[in-house]
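Trainee: I've got this one open on my screen and would like to go through it with you. Can we take it question by question?

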Amino acid sequence: MSYDRTVRVSGDFADTVTRVREALAEQGFGILTEIDVAATLKAKLDHTMEDYLILGACNPPLARQALDADRAVGLLLPCNVVVRRDGGEILVQALDPDTMVAFTGLPDLEPVAAEATARLDAALAAVADQA
């Protein structure tokens, strides 16, 4: 089972992160958390790796619908979006919201996952189109 939705772009990493933030905002997602994995591993382990950023994106109306269907689904929220360097390209990856349905088996989450998928796909497409 594939659990990601991915686009590949070229360009500057910081510019791509900015485009991702803007595209997510246009689809109703705010960024609740940001983890700079490369900086954290360098600081904590003196390990050097490629640019790797995790954005914890949340669309409050969709989060509410999901939580109304199953309070434990908070374990799968927010929607993580990764921006990372892969050789000469930058990958922008989002967790496939259908994973939420597959993990829980709850049909009530299907419309939430479908809406989240449409919005995340639109955001990813916007990032790819701007590259």
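Predicted model: local features only at pLDDT ≥ 70, side-chain atom pairs only at ≥ 80, totals over all residues.

Trainee: OK, what is the omega of the peptide bond from L77 to P78?

Mentor: Start with the place: P78 sits in the loop between α3 (60-69) and β4. As a rule, most peptide bonds are trans. The one from L77 to P78 is cis, with omega near -5°.

Trainee: Is L32 buried or exposed?

Mentor: L32 belongs to strand β2 (residues 30-36), and beyond residues up to four places away in sequence it touches G56, C58 and P78, where contact means heavy atoms within 4.5 Å. Buried means under 20% relative accessible area, exposed over 50%, partly exposed in between (1.4 Å probe, protein chains only). L32 has 59% relative accessibility, so it counts as exposed.

Trainee: And T117, buried or exposed?

Mentor: T117 is part of helix α5. Its contacts, leaving out residues up to four places away in sequence, are R5, D96, P97 and D98. With a relative accessibility of 11%, T117 counts as buried.

Trainee: Which residues have the most contacts inside the largest nonpolar core?

Mentor: A nonpolar core is a set of buried Ala, Val, Leu, Ile, Met, Phe, Trp, Tyr and Cys residues joined through side-chain atoms within 4.5 Å. The largest one here has 22 residues, and the elements giving it two or more are β1 (4-9), α1 (13-26), β3 (52-58), β4 (79-86), β5 (89-95) and α5 (110-130). Another core lies apart from it, with nine residues, among them A66, M100, V101 and A116. In the largest core, the residues with the most contacts are V20, L24, V81, V92 and L120.

Trainee: At what angle do the axes of α1 and α5 cross?

Mentor: On the contact side, T16, R19, V20, A23 and L24 of α1 meet L120, A123, A126, V127 and Q130 of α5. Axes are lines fitted to C-alpha atoms, for helices over the stretch in contact, and angles run from 0 to 180 degrees between N-to-C directions. The two axes come within 9 Å, and they cross at roughly 140°.

Trainee: What is the phi of D46?

Mentor: You'll find D46 in the loop between α2 and β3, and its relative accessible area of 57% makes it exposed. Most residues other than glycine have a negative phi. D46 isn't a glycine, yet its phi is positive, at about 55°.

Trainee: Last one: how far apart are the C-alpha atoms of G28 and A39?

Mentor: G28 is in the loop between α1 and β2 and is partly exposed, at 34% relative accessible area. Skipping neighbours within four places in sequence, G28 contacts C58, N59, P60 and R119. G28 and A39 are 11 residues apart along the chain, and their C-alpha atoms are separated by 28 Å.

Conventions. Residues numbered from 1 in each chain as written. Heavy atoms only, no water. Helix = DSSP H or I, 4+ residues; strand = E, 2+ residues; numbered from the N terminus.
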